[in-house]
Amino acid sequence: MTANPIRPTIPLDAPGKAHGFLRLPYSRNDSAWGSVMIPITVIANGQGPTALLTGANHGDEYEGPIALQQLAWEIEPEEVTGRIILIPYLNSPAFRAGTRVSPIDQVNLNRAFPGKPDGSPSQKIADYICNTLVPMADVVLDYHSGGKTLDFLPFAAAHYLADKTQQEACFAAVRAFGAPYSMMMVEIDAVGMFDTAVEEQGKVFVTTELGGGGTATARSAEIALRGAKNVLRHAGILSGGIELAGGSRMLDMPADDCFHFATCDGLVQSLVDLGDAVTAGQPIARIWPKDRSGVAPEEVRANRDGLLAARHFPGLVQGGDCLAVIAVLV
Ligand SMILES: [Zn+2]
């Protein structure tokens with residue numbers, strides 16, 4: 001098998017605190033023998049578990065990058081038992097472009113796992129993470145938010161897994177994260193996800209959706225930072241007690257019918273806001289035509305009872321866009 005060309009510029013197993021890069025060779029017109037530099041911080045002390053924390057798997061989601069920059073700056077080795085690997089901008093080219101997928105190869109990193117050591121730049125990143133870093137880790141936290149086109153209630157989430165012991169360990173870490181909402185979810189498109197690759201290696205995995213619209217708020221950034229510290233404390237890696245700011249409401253996304261999609265292009269009018277309760281059959285959005293007046297809007301109705309957990313963000317939708325996600329309060 002071809003070896004992955006990515007090399008860390010710092011040792012990943014040395015005690016202390018080191019900041020460096022994962023250097024991915026990427027020769028191109030404006031940089032012969034050039035590289036993609038992915039920032040990485042490793043903080044290690046003594047014997048203990050390893051946590052891998054990643055942000056900007058999608059390049060337009062900002063709570064994770066902000067929280068991980070803060071942790072890389074703030075945490076000192078004396079506070080650590082074990083090892084923390086922080087990668088604030090996992091999909092560094094997409095992060096720098098402010099886009100969901102990589103501008104280099106148009107690959108959605110979170111559909112590229114387990115990756116290819118001899119593939120495109122995004123496939124090489126996925127392969128390195130999946131086959132070099134994840135095997136070192138006991139617990140993995142991968143941050144997401146809605147990006148430029150979705151907005152979410154702030155939640156941490158675990159998936160339904162065949163191994164119920166692993167599922168319970170994942171959900172215990174989700175509860176420790178302490179977001180305002182904690183979610184059990186099925187994915188509509190799990191093949192190729194980082195989540196799936198980590199879970200298949202038997203690790204404790206936590207993902208999040210903490211906001212959206214292509215920005216972070218003061219509140220969502222604070223949730224992200226507190227959640228990371230809580231997960232590290234829950235794993236016994238970071239000193240100090242878990243801080244829960246109020247309770248976390250339990251949500252479930254048990255089936256495909258939680259997802260609602262636009263059936264036409266148009267101007268979207270939300271009829272409910274994030275967190276609002278809805279009942280099956282209730283109109284939750286209208287789509288008005290973009291090109292004429294005096295025509296009835298397309299009406300989108302709730303597939304099930306629950307509350308609005310996500311909504312389309314920009315004011316214009318295209319047919320096929322994810323318009324709304326309804327979760328069930330447990
Ligand atoms: Zn994402």
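Strands are DSSP runs of E with at least two residues, and helices are runs of H or I with at least four residues, both numbered from the N terminus. Two strands are taken to pair if DSSP finds at least two bridges between them. The model is predicted, with local features requiring pLDDT of at least 70 and side-chain atom pairs counted only at pLDDT 80 or more, while totals for chains, interfaces and linings use all residues. Residues are numbered from 1 along each chain as its sequence is written, and side-chain values use heavy atoms, without hydrogens and water.

An open sheet is formed by four strands in the order β16-β15-β13-β18, with antiparallel pairing. Strand β15 (residues 283-288) runs antiparallel to β16 and is joined to it by four bridges. Within this pairing, Pro283 is placed opposite Arg301 of β16.

The zinc ion has as protein donors His58 (ND1), Glu61 (OE), Glu61 (OE) and His144 (ND1), at 2.1 to 2.3 Å. Donors are N, O and S atoms within 2.8 Å of the metal (3.2 Å for Na, K and Ca); water is not among the atoms, so sites may look incomplete. The donor residues follow the spacing H-x2-E-x82-H in sequence. His58 belongs to the loop between β4 (50-54) and α1 (63-74) and His144 to the loop between β6 (139-142) and β7 (150-152), so the pair ties together parts that are 86 residues apart in sequence. His58 is buried, at 3% relative accessibility, and His144 is buried at 4% (buried means under 20% relative accessible area, exposed over 50%, partly exposed in between, with a 1.4 Å probe and protein chains only).
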